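My notes follow in the order I checked things.

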Amino acid sequence: MSDPGARPVPAATAAPERVAVLLPLPLSGAYDYRVEPGMALDAGDFVAVPLGGREVIGVVWGPAAGDVAETKLKPVLARLDAPPMAESMRRFVMWIAHYTMSPPGAVLRMAMNTPAALAPLPPRIAYLRADGPVDALAARAGLRLTPPRRRVLDLMEDGPSRAPGEIAREAGVGMGVVKALIAGGALVPIELPAGRARVDPDWRRPPVALSEAQAAAADALRTKIPEGFSVTLLDGVTGAGKTEVYFEAIAAALARGHQALILLPEIALSAQWLERFERRFAVRPAEWHSDLTSAERRWTWRALAEGHARVVVGARSALFLPLPQLGLIVVDEEHDGAFKQEDGVVYQARDMAVVRAQLSHVPIILASATPSLETVVNVRVGRYDRIELPERHGAAGLPEVEIVDMKLHPPPRGRWLSPLLHQAIAAALGAEEQVLLFLNRRGYAPLTLCGSCGHRMQCPNCTAWLVEHRLAGRLQCHHCGHALPVPRDCPSCQAEGTMTACGPGIERVAEEVLKDFPEARFQVLASDTIGGPREAAEIMRAIHDREVDIVIGTQVAAKGHHFPWLTMVGVVDADLGLAGGDLRAAERTYQLLHQVAGRAGREERPGRVLLQTYMPNHPVIGALASGARDRFLALEAEARQEAAMPPFGRLVALIVSGPDGEAVDRVARDLGRQAPRGDDIAVFGPAPAPYAVLRGRQRRRLLLKAPRKTNVQAVIGEWLARVKTPNSVRIQVDVDPYSFL
Ligand code: ADP
Ligand code: ZN
């Protein structure tokens with residue numbers, strides 16, 4: 001920092017103007033740049049600036065810090081012709097950077113990850129029919145009036161203007177026909193303003209006939225729209241119609257000229273949601289997820305930034321889209337772990353969505369049948385409102401949940417389905433209804449070992465067993481992707497044909513089903529078997545339309561789907577998530593299994609759920625069977641409160657990693673020695689992470705626990721400043737960790 005008093009101020013000449021520009025790079029802060037005379041810049045403007053011989057796009061962040069010598073100052077090269085970044089968005093970027101302890105530029109990068117959209121979109125060219133009767137037009141173009149050409153000219157008789165592709169599609173002709181008519185002047189081009197191409201969602205259309213409870217909930221949500229920031233939990237059992245209800249809040253926001261943002265945990269699986277939106281609002285919303293083409297990303301980003309697109313639905317990254325007229329945020333399935341981003345800037349999209357709503361002064365709705373404990377506690381202390389939908393829509397009742405004690409009803413040797421579950425499947429199939437078998441484990445078997453020497457097949461890069469995928473004929477690491485063919489002979493003792501698969505994955509359950517119910521049509525549903533969004537949509541359609549009898553799936557089968565014929569859900573291993581010391585193991589297992597159970601009996605036919613367990617007395621299993629959700633949550637909250645664990649206390653994890661174990665250990669030990677001390681602050685570790693090696697990197701963990709009121713960012717900041725870290729070692733800060741691996 002220079003001392004402003006020490007600098008000679010030249011008389012009469014005003015100091016040249018400077019601004020601070022934040023760049024989308026992990027730098028410590030914004031850099032100063034000179035503004036040449038004649039260039040007018042405001043905070044939020046996108047600008048091109050030089051940086052070490054390159055040209056980089058950044059955002060004018062505010063007045064310059066003034067700590068760079070005049071002579072070293074580089075000029076802003078250009079102001080980009082793009083809608084500036086709103087102040088609320090800039091504050092949001094800073095808020096997240098502070099909270100997650102990330103460089104502001106790293107957060108900014110998420111808010112401008114579509115640089116192509118910062119250049120103006122090329123105008124769209126569309127075509128109109130030239131004046132004159134059909135035969136005259138053809139003659140003038142030197143073309144014979146063939147039936148396809150006539151179809152095009154008839155279609156285009158009185159507008160609207162259409163793009164060539166649309167003309168060909170609607171007239172049912174090839175592109176060649178359209179091109180010839182354009183070349184001959186029978187169709188004439190006009191320029192459409194960029195981004196205006198789509199039609200707005202039509203909020204005036206009547207909604208589905210809402211039940212009394214739904215209508216009351218919709219009314220309550222609608223009143224929030226004009227009232228600025230508020231957080232409302234839409235707490236409704238699975239199948240209650242939460243989506244239909246919050247659609248009315250979206251309609252109310254649109255009616256006031258606002259934009260709406262909807263976050264879903266798994267957008268690739270949201271075909272049904274998109275269809276329902278279209279049924280309600282006549283058009284599809286803009287979508288935001290990793291499967292968009294770069295042209296789609298560019299269009300969507302720009303259309304939202306200019307206010308031409310009104311509603312966007314997306315995965316967590318949609319949180320950073322420009323929405324100048326934002327009027328409502330909805331986070332559906334708010335409890336879902338997929339909202340936590342674990343790489344790069346580590347953030348909880350649900351929590352950050354609340355922050356964005358607050359900074360933008362707009363309401364936010366969190367919807368779930370199994371709200372997170374964080375949200376439940378926020379409701380209890382009055383920070384959040386709650387609107388309840390206690391019953392399923394229409395004639396549907398909640399499914400009956402039965403416990404299958406596996407000690408009393410063991411499956412035959414080498415099998416995974418107990419006789420009770422077997423009978424239930426047969427009964428459902430006999431009634432021509434659908435079955436979902438749920439097991440949250442991909443592949444055929446989670447472990448392969450040698451029957452002779454006990455050698456276990458492990459990933460060379462990770463502390464993890466290799467998972468057999470029998471259909472693919474490979475052993476795979478689910479962490480780093482390492483794969484090899486399934487060995488027949490033991491790589492350790494060379495015994496022949498001794499390698500044995502241990503435990504079930506969904507492929508193995510499918511094998512059993514195929515043996516026992518050879519007539520049944522089945523579909524395996526896991527993240528690695530569904531391909532892209534289009535394939536996923538097709539699978540969902542086939543299940544919906546009853547082209548499948550038995551669905552065998554992992555958690556992707558649990559989420560939000562509505563399958564009218566599905567009446568029977570079998571949970572193959574209800575205990576799977578309960579092992580391990582994870583803070584949220586019970587809560588998460590409850591949420592997941594409750595969601596799975598909620599797929600059963602969503603229409604007239606009653607649903608039935610069987611939970612296979614070796615722990616029939618576990619509180620989670622008990623709560624699932626009795627439906628005593630709120631009592632379970634209350635007990636869980638009590639236990640967390642006693643232990644001063646989140647949401648009653650704060651946790652921050654430090655993950656120290658690097659290729660060299662000794663260097664990693666040294667830093668971890670230093671961190672341990674320099675750990676902050678204080679009355680209510682505790683630091684656990686360093687300890688090898690459960691995945692002590694991941695993708696070839698050694699990993700150690702430390703965990704800081706502090707009271708809610710503690711400014712953990714300040715504590716961590718001071719702590720990290722006390723420890724020297726070589727370049728080869730990385731310390732990742734995870735504020736509010738969800739994963740303890
Ligand atoms: P939730 O999200 O609460 O689990 P959904 O919104 O998916 O419930 O609704 C469950 C099913 O019931 C969906 O197929 C939905 O279209 C239907 N549904 C809900 N409410 C109504 C209604 N008022 N009229 C007609 N269908 C409804
Ligand atoms: Zn691996």
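This is a predicted model: local features need pLDDT of at least 70, side-chain atom pairs count only at pLDDT 80 or more; totals for chains, interfaces and linings use all residues.

**Entry 1: a pair of strands.** I began with strand 18 (residues 434–438) and strand 26 (residues 566–571). They pair in the parallel sense over five bridges. I looked up Leu 436 and found its bridge partner in strand 26 to be Val 569.

Entry 2: Which order do the six strands take in the open sheet? I read it as 17-27-26-18-25-24, with parallel pairing. I then checked the edges. Strand 17 (400–405) and strand 24 (522–525) each have a single partner strand, so one side of each is left without a neighbour in the sheet. The twist averages 15° from one strand to the next.

**Entry 3: helices on the sheet.** I looked for what covers the strands. Helix 15 (residues 533–544) lies across strand 18, strand 24 and strand 25 (550–553). Helix 15 runs at about 140° to strand 24. Helix 17 (residues 619–626) also packs on the sheet, where it touches strand 17 and strand 27 (608–613). I noted about 145° between the directions of helix 17 and strand 17.

**Entry 4: domains.** I listed the division of the chain.

- Domain 1 covers 18–112, domain 2 covers 124–192 and domain 3 covers 212–389.
- Domain 4 is written as 400–441 + 504–636, and domain 5 as 443–503.
- Domain 6 covers 649–735.

I also took one distance: the C-alpha centres of domain 1 and domain 5 lie 51 Å apart.

**Entry 5: cysteines.** How many disulfides does a search of the whole structure find? I got zero. I checked Cys 493 next. Its sulfur is 3.7 Å from the closest cysteine sulfur, that of Cys 453, which is too far for a bond. The cut-off for a disulfide is sulfur atoms within 2.5 Å. Is Cys 493 buried or partly exposed? I read it as partly exposed, at 32% relative accessible area. Cys 477 is buried, at 3%.

**Entry 6: strand 30.** I finished with strand 30 (residues 697–707). Nine of its eleven residues are buried, so the strand is largely enclosed by the rest of the structure. Strand 28 (residues 649–658) pairs with strand 30 in the antiparallel sense over ten bridges. There, Ser 657 has Arg 699 as its bridge partner. Strand 29 (residues 682–694) is also antiparallel to strand 30, over seven bridges. Phe 684 has Leu 703 of strand 30 as its bridge partner. The hairpin of strand 29 and strand 30 has two residues between the strands, and Arg 695 takes a positive phi near 50° there.

Key:
Residues are numbered from 1 along each chain as its sequence is written. Chains are lettered from A and ligands numbered from 1 in the order in which they are written. Side-chain values use heavy atoms; hydrogens and water are left out. Domain bounds come from an automatic or database domain assignment. Two strands pair if DSSP finds at least two bridges between them. Helices (H or I, at least four residues) and strands (E, at least two) are DSSP runs, numbered from the N terminus. Axes are lines fitted to C-alpha atoms, for helices over the stretch in contact, and angles run from 0 to 180 degrees between N-to-C directions. Contact means heavy atoms within 4.5 Å. Buried means under 20% relative accessible area, exposed over 50%, partly exposed in between (1.4 Å probe, protein chains only).
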